[in-house]
Amino acid sequence: MKTACIFDLDGVIVDTAKYHYLAWKRLANSLGFDFTEHDNEKLKGVSRIESLKLILRLGGKQLSAEEFEAALTRKNGWYLEYIQKIGPEEILPGAAEFLQSAKAKGMKVALGSASKNAVLILERIGLVNEFDAIVDGNKVSQAKPDPEVFLKAAQELAVDAEQCVVFEDAVAGVQAALNAKMAVVGIGEASVLHAAHTVLANFSGLSVDDVLARLPA
Ligand code: BG6
Ligand code: MG
């Protein structure tokens, strides 16, 4: 029986990908190359460090360890500037309602995100007090598709992996949930997230029971 929901943040609860994109593009441009929206798709769910490694590979650029650290700091500074303005209006369609109905059914809810900015974003969109557990990029050492983030969330909720349903928009995140032996609902396009047990375009108009009915028991 499913008794817990674990939500990814970026791309599931709030659309921050565009702000990550603007900040990575600004960084790439400052290093002398361009970074396209098409390439940005590859960064969904990918940790900050792995994202920079990928961008540098795309730009054919190498940085020293110090320059690498400085680049991460600069990118995050710009990202924080861009998300200054975000508020509850940027919550993705139906996400807050779905979270509330899961809670109303007595399910436990956790956040399982790679982002080190997760708490700040949850504060901005007014959802920080809605979770029974928050596991973010500050609490894990292994990036998705490693299952660490979701296993830690289950542990904090005091439930077993088979009781959890993960909601993920990224291929790496879907794989992390499968690696954790959890049921996984993809949020996005079925052609991309085909490994998920079921895929929704978004949470709009769907009850928790509708979604649970689509999952293996
Ligand atoms: C993930 C995003 O949720 O968090 C990635 O999908 C991002 O794009 C990663 O790189 C790390 O986020 P942050 O906020 O710690 O840089
Ligand atoms: Mg995501």
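This is a predicted model: local features need pLDDT of at least 70, side-chain atom pairs count only at pLDDT 80 or more; totals for chains, interfaces and linings use all residues.
Residues are numbered from 1 along each chain as its sequence is written, and chains are lettered from A and ligands numbered from 1 in the order in which they are written.

The domain assignment gives domain 1 (4–15 + 91–212) and domain 2 (17–83), with bounds that come from an automatic or database domain assignment. A distance of 24 Å separates the C-alpha centres of domain 1 and domain 2. Their contact takes 14 residues from domain 1 and nine residues from domain 2, where two residues are in contact if their C-beta atoms, placed from the backbone, lie within 7 Å. On the side of domain 1 that touches domain 2, helix 6 (118–124) and helix 8 (171–179) each supply at least two residues. Helices (H or I, at least four residues) and strands (E, at least two) are DSSP runs, numbered from the N terminus. By class, this side of domain 1 has five nonpolar, three polar and six charged residues; Ala, Val, Leu, Ile, Met, Phe, Trp, Tyr, Cys and Pro count as nonpolar, Asp, Glu, Lys and Arg as charged, and the others, Gly among them, as polar.

Both domains also take part in the ligand site. Ligand 1 is surrounded by 18 residues, of which D10, A114, S115, K116 and N117 are the closest; a residue is near a molecule if its C-beta atom, placed from the backbone, lies within 6 Å of it. Domain 1 and domain 2 each give at least three residues to this shell. The shell around ligand 1 has four nonpolar, 10 polar and four charged residues.

The axes of helix 1 (residues 17–30) and helix 4 (residues 65–83) come within 9 Å and cross at roughly 140°. Axes are lines fitted to C-alpha atoms, for helices over the stretch in contact, and angles run from 0 to 180 degrees between N-to-C directions. Helix 1 and helix 4 are therefore oblique to each other; angles under 35 degrees count as roughly parallel, over 145 as roughly antiparallel, 65 to 115 as roughly perpendicular and the rest as oblique. In this contact, Y19, H20, L22, A23, W24, R26 and L27 of helix 1 meet A71, R74, K75, W78, Y79, Y82 and I83 of helix 4. By class, the contact has 10 nonpolar, one polar and three charged residues.

Helix 4 also meets helix 3 (residues 48–59), with axes that come within 11 Å and cross at roughly 110°. That makes helix 3 roughly perpendicular to helix 4. R48, I49 and L52 of helix 3 make the contact with F68, A71 and L72 of helix 4.

Two backbone details complete the picture. A cis peptide bond joins K144 and P145, with omega about 20°, and P145 lies in the loop between strand 3 (133–135) and helix 7 (148–157). A158, in the loop between helix 7 and strand 4 (164–168), has a phi near 60°, a positive value in a residue other than glycine.
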